[in-house]
Amino acid sequence: MIMFIDMMNAIREFMDTGGQVLTVIAAVIFVMWLLIFERLMFVFYGYRKVKKHLQQTWFSRSEQHSWYAEQIRTALVARGSARLNQNLPLIQTLVVLCPLLGLMGTVTGMIEVFDVMAISGSGNARSMASGVSRATIPTMAGMVASLSGVFASTWLQRTAKRETELLEDSMPVAH
């Protein structure tokens, strides 16, 4: 319990050091990873049922070689692809948003530095240290969040593309 309290205090201190923008970045990271975990759970557990249903729909057709059958097959593959790609554009948007919010934290931190300089009337390094810290921590947090999201998003995109191709291959058109 004491370790949990120490961890929460360390997180609170870090959040206070980074300013209000860091809270927004944390919220974006939370939503981004929530969506990523949802997609991972779907890919590993939910997609099997969807794929099986789409394949059963295709193989239950008595006629699989006409133009209409090919259009139905294309629609079935498109449904599977849409389910696999669901929320990926939103995840990619959040990945791009993280470094932009970090840059906003940089700007707000530098404004703080300039305010301190204007109030104190000098370039005292001690008085500017807080603002510089507020400028660099959100930038770092935004970049780290973006990098982690890029890897997950890229893997999800590749998996969706591969699974769509496998679905298409698993439903042959009889000629």
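**Close-up views of helix packing**

**View A. Helix 2 and helix 3 cross in a right-handed sense.** The model shown is predicted. The axes of helix 2 and helix 3 (residues 67–85) come within 9 Å of each other, and the crossing angle is roughly 170°. With an angle over 145° counting as roughly antiparallel, helix 2 therefore runs roughly antiparallel to helix 3. On the helix 2 side, the contact is formed by R39, F42, V43, Y47, V50, L54, T57 and W58. Their partners in helix 3 are A69, R73, L76, R79, G80, R83, L84 and N85. Sorted by class, the contact of helix 2 with helix 3 holds nine nonpolar, three polar and four charged residues.

**View B. Helix 2 packs against helix 4 (residues 88–120) with the axes 9 Å apart.** The angle between helix 2 and helix 4 is about 165°, which makes helix 2 roughly antiparallel to helix 4. The crossing of helix 2 with helix 4 is left-handed, whereas that of helix 2 with helix 3 is right-handed. Helix 2 contributes V21, V24, I25, V28, I29, V31, M32, L35, I36 and R39 to the contact. Helix 4 contributes L88, L90, I91, L94, V95, L97, C98, L101, G102, M104, G105 and T108. By class, 18 residues of the contact of helix 2 with helix 4 are nonpolar, three are polar and one is charged. R39 of helix 2 takes part in this contact and also in the contact with helix 3.

**View C. Helix 1 (residues 2–18) meets helix 2 at an angle of about 120°, with the axes 5 Å apart.** Helix 1 and helix 2 are therefore oblique to each other. F14, M15 and G18 of helix 1 touch Q20, L22, T23 and A26 of helix 2. The contact of helix 1 with helix 2 comprises four nonpolar and three polar residues, with no charged residues. Just after helix 1, G19 adopts a positive phi of about 85°.

**View D. Helix 2 has a kink of about 55° centred on G46.** Helix 2 covers residues 20–59, and its end C-alpha atoms lie 56 Å apart. This agrees with the 58 Å that its 40 residues should span at 1.5 Å a residue.

**View E. Helix 1 reaches 25 Å from its first C-alpha to its last.** The value is close to the 24 Å expected for its 17 residues at 1.5 Å a residue.

Methods. Residues numbered from 1 in each chain as written. Predicted model: local features only at pLDDT ≥ 70, side-chain atom pairs only at ≥ 80, totals over all residues. Heavy atoms only, no water. Helix = DSSP H or I, 4+ residues; strand = E, 2+ residues; numbered from the N terminus. Expected span 1.5 Å × (residues − 1). Bend = angle between axes of the 7 residues up to and from the residue. Axes fitted to C-alpha atoms, helices over the stretch in contact; angles between N-to-C directions. Parallel < 35°, antiparallel > 145°, perpendicular 65-115°, else oblique. Left-handed = near helix turned anticlockwise from the far one by under 90°. Contact = heavy atoms within 4.5 Å. Nonpolar A, V, L, I, M, F, W, Y, C, P; charged D, E, K, R; others polar.
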